Amino acid sequence: MEIVSQNRSFGGTQSVYKHPSNTCGCEMTFAVYMPPQAKDGPVPVLWYLSGLTCTHENAMTKGGFQEHAAKHGLAVVFPDTSPRGEGVANDEAYDLGQGAGFYVNATRDPWKPHFQMYDYITSELRSIVEGMEGVNGKHGITGHSMGGHGALTLAIRNPELYDSLSAFAPIAHPTQSDWGRKQLSAYLGDDESGWAAHDSTLLLEEHGWKGDILVDQGASDQFLDLLKPEALAAAIAKRRQSATFRMQEGYDHSYFFVNSFAGDHVAWHAERLT
């Protein structure tokens, strides 16, 4: 791995790395915040998956996670949202291609050679992170918007990999939303029977989650019709899933919303991971 940058933050270290990815077939970038407690022994890991158009940098600089992670002794991993670079397929629209990997393994060209974000997050990057000095085997996962979709689907499908789960304004029912149907058909094909494995509402109804879930959603989110939080809330009730689902009055879809509740989520994960 190549160290791109390292900065002192709240007694810990915020680092950015580049590495050649066998899974995605290109160079990938990710960031890790290591809290000061890691000097005294291994700490749990919180994964933060970002949303459409974001890179590793957005939440790293705007989310405000470092202060809370330092307080509670959690490392935080900020992956990129898609493969990038020359030769990687892209689209003129902001919601497809580079910056919009949707945390799936693409099976259709031109996306298939590089867009393998499901395996990248759950396998390749996880192995890299677990090999870092200062982390233990406890992992939680959260994310915002497309990243909230990723956090929920990856955790529900891989409960052995994650010990805690939360989401900020997730794309909750992508098989029935324009933020989902477009991308799932492009990456996976027109056979909708394969889409359900990437829909947190459908996954939760069928499988549930081994623990409790925290979801925060801005009540003034300008994308509510695309996110479909009511579908996820209904699935929680139908499954009788242990969960806290909070509609936050006056909050929109921005990083001001994420930053406002980042402390709650970090504390919530810390309680379950430590």
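Mentor: Let us start with the largest pocket, which is lined by G51, L52, T53, C54, Y94, H144, S145, W179, F223, H253, S254 and Y255; please keep in mind that this is a predicted model.

Trainee: What makes these residues lining residues of the largest pocket?

Mentor: Lining residues have an atom within 4 Å of a point of the pocket, and G51, W179 and Y255 are among the residues that line the largest pocket. The volume of this pocket is about 170 Å³.

Trainee: How do the residues of that lining divide into nonpolar, polar and charged?

Mentor: The lining of the largest pocket has six nonpolar residues, six polar ones and no charged ones.

Trainee: What makes the phi of F102 and the phi of R240 worth a remark?

Mentor: Most residues other than glycine have a negative phi. F102, which is not a glycine, has a positive phi of about 60°, and R240, also not a glycine, has a positive phi of about 55°.

Trainee: Where are these two found, and is each of them buried or exposed?

Mentor: F102 is found in the loop between β5 and α3, and with a relative accessible area of 0%, under the 20% cut-off, F102 is therefore buried. R240 has its place in the loop between α8 (229-239) and β9 (243-248), and because its relative accessible area is 79% and exposed means over 50%, R240 is exposed.

Trainee: Which peptide bond is called cis, and what is its omega?

Mentor: The bond that joins D109 and P110 is a cis peptide bond, with an omega of about 5°, whereas most peptide bonds are trans. P110 is in the loop between β5 (75-79) and α3 (117-130).

Trainee: Where is the kink in α3 centred, and what covers the buried residues of that helix?

Mentor: The kink in α3 is about 25° and is centred on E124, and E124 is itself one of the buried residues of α3, which also include M117, Y118 and L125. What covers the buried residues of α3 includes the strands β2 (12-21), β3 (26-34), β4 (43-49), β5 and β6 (135-143), together with the helix α4 (146-157).

Technical notes
Residues are numbered from 1 along each chain as its sequence is written. This is a predicted model: local features need pLDDT of at least 70, side-chain atom pairs count only at pLDDT 80 or more; totals for chains, interfaces and linings use all residues. Side-chain values use heavy atoms; hydrogens and water are left out. Helices (H or I, at least four residues) and strands (E, at least two) are DSSP runs, numbered from the N terminus. Buried means under 20% relative accessible area, exposed over 50%, partly exposed in between (1.4 Å probe, protein chains only). The bend at a residue is the angle between axes fitted to the seven residues ending there and the seven starting there. Contact means heavy atoms within 4.5 Å. On a 1 Å grid over the protein atoms alone, a cavity is a set of points where a 1.4 Å probe fits but cannot get out, and a pocket is an open set with protein on both sides within 12 Å along at least five of seven lines; lining residues have an atom within 4 Å of a point. Grid points are joined across faces, edges and corners, and a volume is the space filled by probe spheres set on the points. Ala, Val, Leu, Ile, Met, Phe, Trp, Tyr, Cys and Pro count as nonpolar, Asp, Glu, Lys and Arg as charged, and the others, Gly among them, as polar.
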